[in-house]
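Good morning, and thank you for making the time. I shall take us through one protein chain, from its overall build to its local details. Please have the sequence and the model in view.

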Amino acid sequence: VPSVLYAGTYKDGMYKSLDGGQSWFAINTNIQAEAIVYTIAIDRSDSNYIYIGTRGISNNGEPPWNGVAYRSTDGGANWEKMITSLGGRDAQDWVYSLAVHPIYPSRVYAAGHGTGPFRSVDRGDTWLFIGDDTVDDSGRAIAADPHSASPIVLYYGVWHGAGIYKSTDGGNNWEHHQSGLWGTKIYQIAMDPQVRDTLYLATFTTGVIKSIDGGEEWKRMGLDGTGIFSLVINPLNSQTVYVGTSNDGIYRSD
């Protein structure tokens with residue numbers, strides 16, 4: 001439903017709008033107090049299923065960090081814990097990115113802040129670590145290719161500058177790509193919904209970066225030196241791309 005929107009906040013949990021953003025109401029039943037919401041993923045096949053990654057009160061910057069990922073099966077009216085304590089009590093255990101596979105919605109993927117990539121094949125009931133082939137567990141972004149049903153193609157981006165990891169078997173194995181990316185701190189991966197093998201990265205200091213060959217090569221597309229926190233592609237016209245910056249507003253490219 002185009003008029004239904006969700007917003008994750010910094011220390012105030014989740015909000016929902018039914019009228020295209022003109023009015024909002026809190027939807028925090030069973031969500032921890034002062035929740036920082038880092039990621040929201042919605043099941044395209046059943047929009048009642050919503051997944052969020054949060055962090056709670058962290059004891060003045062010391063563990064436990066209270067990283068909890070939640071699932072709602074009723075459009076955000078109620079939430080249940082789905083992932084807790086990734087990596088143990090002392091780990092920075094929150095989930096930065098969640099992705100629902102657009103073709104196989106029972107498959108949900110998570111990128112842990114310091115714990116790498118995980119996969120669920122049962123809509124979040126159980127989770128399996130799938131990062132044995134990755135050398136960097138500073139997960140910030142994970143995305144599923146909407147154009148590929150078989151094989152299942154995934155992308156995983158990290159913070160410590162190692163680049164992008166790509167899997168062509170649903171996360172069982174990963175190959176490393178860093179041409180044009182070395183040292184880049186990745187915040188988000190966005191897949192072009194209309195053009196195969198085209199994807200964008202939102203980065204911390206190197207602006208927007210784009211690949212048109214499934215992640216083999218990358219090119220900087222602008223806004224160098226700007227922290228890009230989010231990137232959205234118009235699903236009806238993928239030439240239109242929007243980015244939200246850390247301190248310089250919103251930009252659009254046509």
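Two remarks on the source follow. This is a predicted model, in which local features need pLDDT of at least 70 and side-chain atom pairs count only at pLDDT 80 or more, while totals for chains, interfaces and linings use all residues. Residues are numbered from 1 along each chain as its sequence is written, and side-chain values use heavy atoms, with hydrogens and water left out.

First, the overall build. Helices (H or I, at least four residues) and strands (E, at least two) are DSSP runs, numbered from the N terminus. By that count the protein chain has 22 strands and 0 helices. Its radius of gyration, taken over C-alpha atoms, is to be set against the globule rule, 2.2 Å times the number of residues to the power 0.38. The value is 17 Å, close to the 18 Å that the rule gives for 254 residues, so the chain is as compact as a globular protein of that length. The C-alpha trace spans about 45 × 40 × 40 Å along its principal axes. Of the 254 residues, 50% are buried. One example is Gly157, in strand 13 (residues 154-158), which counts as buried at 0% relative accessibility.

I turn now to the aromatic residues. Rings of Phe, Tyr and Trp (its six-membered ring) pair if their centres lie within 6.5 Å; planes under 30 degrees apart count as stacked, over 60 as edge-to-face and the rest as tilted. How many aromatic pairs does this rule give? The count comes to 11. Among them is the edge-to-face pair of Phe118 and Phe129, at 5.4 Å centre to centre with 65° between the planes. Phe118 belongs to strand 10 (residues 116-120) and Phe129 to strand 11 (residues 128-129), so the pair ties together parts that are 11 residues apart in sequence. Is Phe118 buried or exposed? Phe118 counts as buried, at 11% relative accessibility, whereas Phe129 is partly exposed at 32%.

Tyr187 and Phe204 also form an edge-to-face pair, with 6.0 Å between centres and 80° between the planes. Tyr187 lies in strand 16 (residues 186-191), and Phe204 in the loop between strand 17 (199-203) and strand 18, 17 residues apart. Phe204 counts as partly exposed, at 33% relative accessibility.

A charge sits over a ring if NZ of Lys or CZ of Arg is within 6 Å of the ring centre and within 35 degrees of the ring normal. The charged end of Arg55 sits over the ring of Trp94, 4.4 Å from its centre. Arg123 lies over the face of Tyr49, at 4.5 Å from the ring centre.

Arg123 brings me to the backbone. Most residues other than glycine have a negative phi, and most peptide bonds are trans. Arg123, although not a glycine, has a positive phi of about 60°. Arg123 is found in the loop between strand 10 and strand 11 and is partly exposed, at 22% relative accessible area. Glu34 has a positive phi as well, near 55°. Glu34 lies in the loop between strand 3 (25-26) and strand 4 (36-42), and is partly exposed at 41%.

Pro151 is in the loop between strand 12 (139-144) and strand 13.

I shall finish with a pocket. On a 1 Å grid over the protein atoms alone, a pocket is an open set of points where a 1.4 Å probe fits, with protein on both sides within 12 Å along at least five of seven lines; lining residues have an atom within 4 Å of a point. Grid points are joined across faces, edges and corners, and a volume is the space filled by probe spheres set on the points. The second largest pocket has a volume of about 330 Å³. Of its 19 lining residues, the closest to the centre are Tyr200, Val208, Met221, Val241 and Ser253. Strand 22 gives the most to this lining, with 3 residues. Thank you.

Notes: Buried means under 20% relative accessible area, exposed over 50%, partly exposed in between (1.4 Å probe, protein chains only).
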